[in-house]
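Here is a short briefing on one structure, sorted by topic. Look at the model first, then work through the points.

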Amino acid sequence: MLDVIARRRSLGLARLKPDAIDREIIEKMLEAANWAPSNGDTEPWRFTVYTGDSRVKLGDAFAEAYRQDAGDDFKQISFDSYRDRGTSAPLWISIGMTPKVNDDGSLYMSEDEEIMAVACAVQNLHLIATAAGMVGMWHSKGVSCHPHVADFVGLQAPSRLLGFFWAGYPTVAWPDGERGPVSEKVIWAE
Ligand SMILES: Cc1cc2nc3c(=O)[nH]c(=O)nc-3n(C[C@H](O)[C@H](O)[C@H](O)COP(=O)(O)O)c2cc1C
């Protein structure tokens with residue numbers, strides 16, 4: 001298990017093969033995600049899986065999000081590259097968080113706790129992808145969390161879009177990871 005954990009890698013879109021991912025593997029990734037822990041058993045993770053032609057509309061949503069934010073800085077070339085973004089990975093999974101709410105509309109658990117649970121779920125699916133020979137990345141910046149894109153994937157408040165996970169087989173040698181020593185991050189209070 002530690003070997004898979006240490007081998008799990010994030011890799012950019014430019015270094016993914018276009019090869020489609022078997023549905024069986026994707027289902028296993030989602031099953032692993034669904035076994036994540038959550039305080040209060042709220043199971044707040046929500047995913048939409050984009051493969052095949054659905055990625056074209058996803059790219060359109062990214063491009064529209066860019067257009068909305070660009071204002072006077074609008075550049076056609078960036079718009080086009082956001083459109084191509086959807087098809088630059090064979091698999092995209094939107095990472096949504098839907099909190100459990102009480103009858104009065106208040107949150108059953110804190111938003112932080114719900115987000116932490118979603119993070120556990122994403123780690124689980126990334127580990128299955130690793131075991132299947134895939135790299136992936138949780139991308140949370142810019143258009144990946146944009147309100148227009150959240151709307152596109154069907155997440156309305158109090159739900160939140162926390163980004164996207166893309167995955168595919170790498171075109172390059174398996175990337176090395178790097179971490180500072182764990183000893184610098186741990187205090188043993190014996
Ligand atoms: C919650 C979360 C959000 C992330 N968002 C981004 C992102 O927006 N852009 C990016 O380049 N990498 C993003 N990453 C990936 C990290 O850059 C990556 O995990 C880190 O560099 C370590 O590399 P490794 O995953 O290969 O071990 C994110 C990772 C996590 C856990």
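A polar backbone atom of K141 sits 3.2 Å from an oxygen atom of the ligand. The protein covers 57% of the 610 Å² of accessible area that the ligand has on its own. The model is predicted. The points below start with the ligand, then turn to a helix, a loop and some backbone details.

**Ligand site**

- The residues around the ligand are R8, R9, S10, M137, W138, H139, S140, K141 and R179.
- By type, this shell divides into two nonpolar, three polar and four charged residues.
- R8 has an N or O atom in its side chain that is 2.8 Å from an oxygen atom of the ligand.
- R9 also places a polar side-chain atom 2.8 Å from an oxygen atom of the ligand.
- K141 takes part through its backbone, where a polar atom is 3.2 Å from a ligand oxygen.

**Helix α4**

- Helix α4 spans residues 76-85, and its buried residues are S78, F79 and R85.
- Those residues lie on the same side of α4, because they cover an arc of only 110° around the axis.
- Which elements cover the buried residues of α4? Among them are the helix α3 (54-70) and the strands β2 (91-97), β3 (135-139) and β4 (160-168).

**Loop between α2 and β1**

- S38 belongs to the loop between α2 (23-34) and β1 (45-50).
- Is S38 buried or exposed? S38 counts as buried, because its relative accessible area is 14% and the cut-off for buried is under 20%.
- Leaving aside residues up to four places away in sequence, S38 touches E43, P44, W45 and A117.
- D41 is placed in the loop between α2 and β1.
- D41 is not a glycine, yet it has a positive phi of about 50°.
- D41 is exposed, with a relative accessible area of 63%.
- E43 is found in the loop between α2 and β1.
- E43 has a positive phi of about 45°, although it is not a glycine.
- E43 counts as partly exposed, at 39% relative accessibility.
- E43 is also one of the residues that S38 touches.

**E111 in helix α5**

- E111 lies in helix α5, which covers residues 111-131.
- With residues up to four places away in sequence not counted, E111 touches M97 and R160.
- What does the side chain of E111 make with the side chain of R160? The two side chains make a polar contact at 3.3 Å.
- E111 and P44 are 67 residues apart along the chain, and their C-alpha atoms are separated by 10.0 Å.
- P44 is also among the residues that S38 touches.

**A cis peptide bond**

- The peptide bond from A157 to P158 is cis, with omega near 10°.
- P158 is in the loop between α6 (147-153) and β4.

**Points to check on screen**

- Start at the ligand, with the side chains of R8 and R9 and the backbone of K141.
- Then view α4 and find S78, F79 and R85 as its buried residues.
- In the loop between α2 and β1, find D41 and E43, which have positive phi values of about 50° and about 45°.
- Finish with the cis bond from A157 to P158.

Terms used: Residues are numbered from 1 along each chain as its sequence is written. This is a predicted model: local features need pLDDT of at least 70, side-chain atom pairs count only at pLDDT 80 or more; totals for chains, interfaces and linings use all residues. Side-chain values use heavy atoms; hydrogens and water are left out. Buried means under 20% relative accessible area, exposed over 50%, partly exposed in between (1.4 Å probe, protein chains only). Helices (H or I, at least four residues) and strands (E, at least two) are DSSP runs, numbered from the N terminus. The arc is that of the directions from the helix axis to the C-beta atoms. Contact means heavy atoms within 4.5 Å. A residue is near a molecule or strand if one of its heavy atoms lies within 4 Å of it. A polar contact is a pair of N or O atoms within 3.5 Å; within protein, one must be able to donate a hydrogen and the other to accept it, and residues adjacent in sequence count only if both atoms are side-chain atoms. Accessible areas come from the Shrake-Rupley method with a 1.4 Å probe; for residues, only the protein chains shown count as cover. Ala, Val, Leu, Ile, Met, Phe, Trp, Tyr, Cys and Pro count as nonpolar, Asp, Glu, Lys and Arg as charged, and the others, Gly among them, as polar.
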